[in-house]
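Me: I would like to go through the labels used for this model and see what each one rests on. Please set the value against the cut-off each time.

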Amino acid sequence: MKTTSEIISTCQELYDDLNFTAVRKWKEADESRKVIGYMPVYVPRELIHAGGMLALGILGGGDSLEVIHGDAYYQSYICRIPRSTLELALTKRLDFVDGMLFPSICDVIRNLSGMWKLMQPDVYVRYFDVPQNFKDDVGGNYYAEELQELRKGLEGVCGRKITDEDIRRSTAIYNENRKLVEEIYSFRAQSPWQAPSYEVYLLMRAGMVLPVEEHSQLMQDYLVAAKSEDRPMRDNCRIVVQGSFCEQPPLNLVKSIEMAGCYIVDDDYMLVTRWLMEDVPLDGDPIANLASSFLHQSVETAAKYEPDGTRKGSYLLETVRKRAAEGVIFAAPSFCDPALLDRPMLVHVLNDKNIPNISFKYAENSGQMQPIREQAGTFADSIKLWSEA
Amino acid sequence: MSTQPETQDVVKEASMLKQKDMISANYEKLTSTEESGAKVVSTYVPGNLNELIMCFDMLNNLPEINAIQNGMRKKSGGMIMEAEKMGHSEDVCTYVKADIGNMAKGSIAPNGKPMPVPDLLLLSYTGCFTFMKWFELLRDQYGCETTMLQVPYKGDGETTKNMRDYVVKQLKEDVIPALERVSGVKFDIDRLRENMRRSAKAEDDLVWVLESAKKKPSPIDAYFGGVFYIGPIFTAFRGTQDAIDYYRLLREEIEARIAAGQGPVTPEGDMGEEKYRLVVEGPPNWTSFREFWKMFYDEGAVVVSSTYTKVGGVYDYDGFRHDPDNPLESMADYCLGCYTNRNLPERVDMIEKYISDYEADGLLINSIKSCNSFSAGQLMIMREIENRTGKPAAFIESDLVDPRYFSASNIKNRLESYFQMIDQKRRGGGSAPRAA
């Protein structure tokens with residue numbers, strides 16, 4: 001049996017490797033293999049997998065990539081993820097990628113899709129739009145057709161038909177993966193000292209580069225190992241991190257929050273791993289099933305419109321309740337329109353329920369953790385000292 | 001966009017006075033709904049459905065225009081800081097914060113009267129992600145009914161049947177029923193056709209006006225003047241007889257200027273000799289609008305085409321007109337075709353064509369801190385245009401309505417360098433210029 005330390009060491013190697021060696025090796029093992037990159041926040045990875053391709057989550061360059069070329073493409077007031085992603089491309093670190101998907105999340109990522117088209121005319125590039133109308137016969141029909149167009153585009157990359165049966169098989173595999181992700185998250189919420197957040201984070205990051213089957217196995221191994229190990233419990237408070245769904249915080253920030261006295265019992269890092277909250281049905285039309293799951297079973301996040309104003313923030317409240325959290329830390333990347341525009345509304349919702357919350361901003365290459373530690377530490381103290389519980 | 005000039009010594013032509021009267025009358029209508037009983041719909045400029053809204057006898061209120069009005073009146077700075085005090089990030093769109101800060105200060109219209117609470121928020125989600133969050137924020141404040149029209153982004157540069165069908169279906173199943181419900185007026189498609197017929201007439205004259213800048217000297221400035229010219233068609237007047245009359249009057253004035261060999265009208269009178277012909281990408285700064293404009297006309301620089309004047313509808317590039325024979329489909333095409341709903345490669349193609357068709361000396365980008373929809377990718381646009389046309393490009397930065405981000409001396413220096421670069425290019429000196 002592997003230990004958590006061994007598993008996380010593997011994940012850390014994958015996290016640190018900005019040349020994506022593991023993915024390159026996977027591709028080189030068979031010349032027919034193709035890789036489709038995608039950016040946050042959600043793409044239907046099932047369709048990529050159904051075409052026999054690897055879905056590669058590209059989350060910027062983190063804090064170890066020196067951005068030189070990428071800065072020449074962006075003004076100072078634009079977030080860091082597009083410039084470090086361009087840096088990855090311009091330095092040939094993504095030269096093995098056969099297609100790129102840019103999900104509908106904000107205008108920066110949207111426009112990056114056009115930049116990619118101009119820079120890499122030979123690569124399959126698609127801006128992947130999703131419905132903000134959640135009626136089956138309106139947004140559902142539109143989305144099903146978008147999925148069909150994506151399916152055709154992916155067939156062009158993999159060079160074969162993607163059948164309904166292929167999609168059903170892949171959907172089942174991703175259903176299993178999502179179940180394991182939820183199991184990890186639940187396990188962490190129950191006993192956060194047994195599954196430190198930086199470990200859970202690295203485990204999920206591994207899912208961005210590994211074949212889904214390997215990632216599922218890794219999570220199973222981690223669960224077995226984590227449950228068997230005895231780790232000291234700290235007198236930390238329990239918090240939810242909100243607003244980090246696109247540009248990722250540096251790993252040190254995740255660690256710093258916990259070291260400052262806050263167990264992270266839920267977060268919105270890499271939402272693609274748990275965007276769909278329930279199993280996607282396997283019988284019937286697989287495209288219709290994916291569309292329906294998106295409309296009715298997807299998480300609430302800033303990239304989505306909430307048609308019912310009275311429900312704004314209800315997902316966050318439910319997460320706080322479900323995970324028995326004592327507070328919320330809004331940690332958003334600088335210049336992140338979706339997270340920062342959403343935040344005041346969510347703060348109102350929390351304040352109405354007397355749920356403590358604080359806010360700060362970061363960039364993926366933020367280096368100074370002391371202010372974060374102080375802010376999170378003070379927040380933890382205030383919860384411990386003055387909360388009603 | 002449509003605003004009243006800000007200072008006393010502005011030279012006014014008949015079309016300007018006509019537009020001023022139209023805007024004043026509209027604000028009077030908006031601020032007297034308690035007496036008139038008229039219902040108000042708040043919506044956005046890009047993808048606005050004015051012809052449809054008029055079918056329900058509703059008034060059209062546009063938050064961006066209110067923010068611009070407050071920007072030009074030097075009031076937006078305080079409103080933005082008010083919103084920031086309320087917890088809105090310094091990083092986000094200043095139109096949003098000016099709007100929210102204005103609400104906190106009582107939502108006073110330019111005529112000094114309080115603006116009404118909208119009866120319906122019609123979120124036209126076209127070409128800008130921020131719109132979606134902005135309306136959630138407004139709904140949070142107003143608590144009124146909201147309906148949304150999502151306009152898919154043309155990521156591959158074309159309008160697909162699926163996109164058009166989606167917009168039409170939302171119009172039929174969500175937007176029109178909401179308008180009927182709130183207004184109490186039943187939808188009449190023939191009324192919509194009539195409105196669209198009037199739109200197309202005005203659009204013909206607008207395009208003639210914009211394309212008059214192909215002449216040398218250009219009789220118009222298609223950016224600083226252009227924002228006034230697009231006012232009626234982008235706001236509450238598309239589909240009205242007033243808009244037809246305005247554009248006819250404007251066209252006649254410009255015909256007279258062409259006949260007289262005159263250049264554009266500036267706030268200080270005729271511009272004088274045309275020395276530089278520019279294409280401009282990006283919105284203008286509103287808080288120092290006149291100072292900004294002066295930096296151009298003092299140097300004899302005229303903007304012959306601009307992308308900002310396409311943000312509320314593109315009528316010249318691919319000849320779109322509202323089509324009364326296919327009203328809902330045409331409305332969908334209008335929304336889908338707005339400038340910032342087009343992908344970056346298409347935006348580059350448009351600018352390249354403008355530079356060629358209008359015989360411009362180069363491209364100037366005014367990059368706006370607040371507006372990622374425009375700004376993200378503009379440095380690549382600049383490189384592409386330089387490579388394709390061999391014409392020099394320059395890049396300046398400012399903001400829409402936040403006075404803290406307008407640095408006059410920096411912008412002036414940059415512009416002067418740019419004009420020198422154009423001179424050098426004309427003389428054939430040196431290597432191909434790079435951006436200023």
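**Labels and their grounds**

Reply: Helix 4 (residues 81–90) of chain A is mostly covered, with nine of its 10 residues buried. The model is a predicted one.

Me: Which residues of helix 4 of chain A are buried, and what do they pack against?

Reply: The buried residues are A:I81, A:P82, A:R83, A:S84, A:T85, A:L86, A:E87, A:L88 and A:A89. They pack against helix 5 of chain A. Just after helix 4 of chain A, A:K92 takes a positive phi of about 65 degrees.

Me: Why does A:Q368 count as exposed?

Reply: A:Q368 has 8 C-beta neighbours inside 10 Å, and a residue is exposed if the count is 12 or fewer. A:Q368 therefore counts as exposed. A:Q368 is found in the loop between strand 8 (357–362) and helix 14 (370–386) of chain A. Its C-alpha atom is separated by 9.0 Å from that of A:L253, 115 residues apart along the chain.

Me: Why is strand 9 (residues 362–368) of chain B called largely enclosed?

Reply: A residue is buried if 20 or more other C-beta atoms lie within 10 Å of its own. Seven of the seven residues of strand 9 of chain B are buried, so the strand is largely enclosed by the rest of the structure. Both faces are covered: B:G362, B:L364, B:N366 and B:I368 lie on one side, and B:L363, B:I365 and B:S367 on the other.

Me: What makes strand 7 (residues 276–281) of chain B and strand 10 (residues 393–398) of chain B partners of strand 9 of chain B?

Reply: Pairing needs at least two bridges. Strand 7 of chain B pairs with strand 9 of chain B over four bridges, in the parallel sense. Strand 10 of chain B pairs with strand 9 of chain B over six bridges, also in the parallel sense. B:V280 has B:L364 as its bridge partner in strand 9 of chain B, and B:N366 has B:I396 as its partner in strand 10 of chain B.

Me: What makes strand 2 (54–57) and strand 4 (124–128) of chain A edge strands?

Reply: The open sheet has four strands in the order 2-1-3-4 (chain A), with parallel pairing. Strand 2 and strand 4 of chain A each pair on one side only. The twist averages 20 degrees from one strand to the next. Within chain A, three bridges join strand 1 (residues 35–38) to strand 3 (residues 99–103), and A:I36 has A:G99 as its bridge partner in strand 3 of chain A.

Me: Why is helix 6 of chain A called roughly antiparallel to helix 8 of chain B?

Reply: The axes of helix 6 of chain A and helix 8 (residues 161–183) of chain B come within 9 Å and cross at roughly 175 degrees. Angles over 145 count as roughly antiparallel, so helix 6 of chain A is roughly antiparallel to helix 8 of chain B. The contact is made by A:V138, A:Y142, A:E145 and A:E146 of helix 6 of chain A and by B:N162, B:Y166, B:K169, B:Q170 and B:E173 of helix 8 of chain B. These residues divide into three nonpolar, two polar and four charged.

Me: How many residues does each chain give to the contact between chain A and chain B?

Reply: Chain A gives 43 residues and chain B gives 40 residues. By class, the side of chain A that touches chain B has 23 nonpolar, nine polar and 11 charged residues.

Note on methods:
Residues are numbered from 1 along each chain as its sequence is written. Chains are lettered from A and ligands numbered from 1 in the order in which they are written. This is a predicted model: local features need pLDDT of at least 70, side-chain atom pairs count only at pLDDT 80 or more; totals for chains, interfaces and linings use all residues. Helices (H or I, at least four residues) and strands (E, at least two) are DSSP runs, numbered from the N terminus. Axes are lines fitted to C-alpha atoms, for helices over the stretch in contact, and angles run from 0 to 180 degrees between N-to-C directions. Two residues are in contact if their C-beta atoms, placed from the backbone, lie within 7 Å. Ala, Val, Leu, Ile, Met, Phe, Trp, Tyr, Cys and Pro count as nonpolar, Asp, Glu, Lys and Arg as charged, and the others, Gly among them, as polar. Angles under 35 degrees count as roughly parallel, over 145 as roughly antiparallel, 65 to 115 as roughly perpendicular and the rest as oblique.
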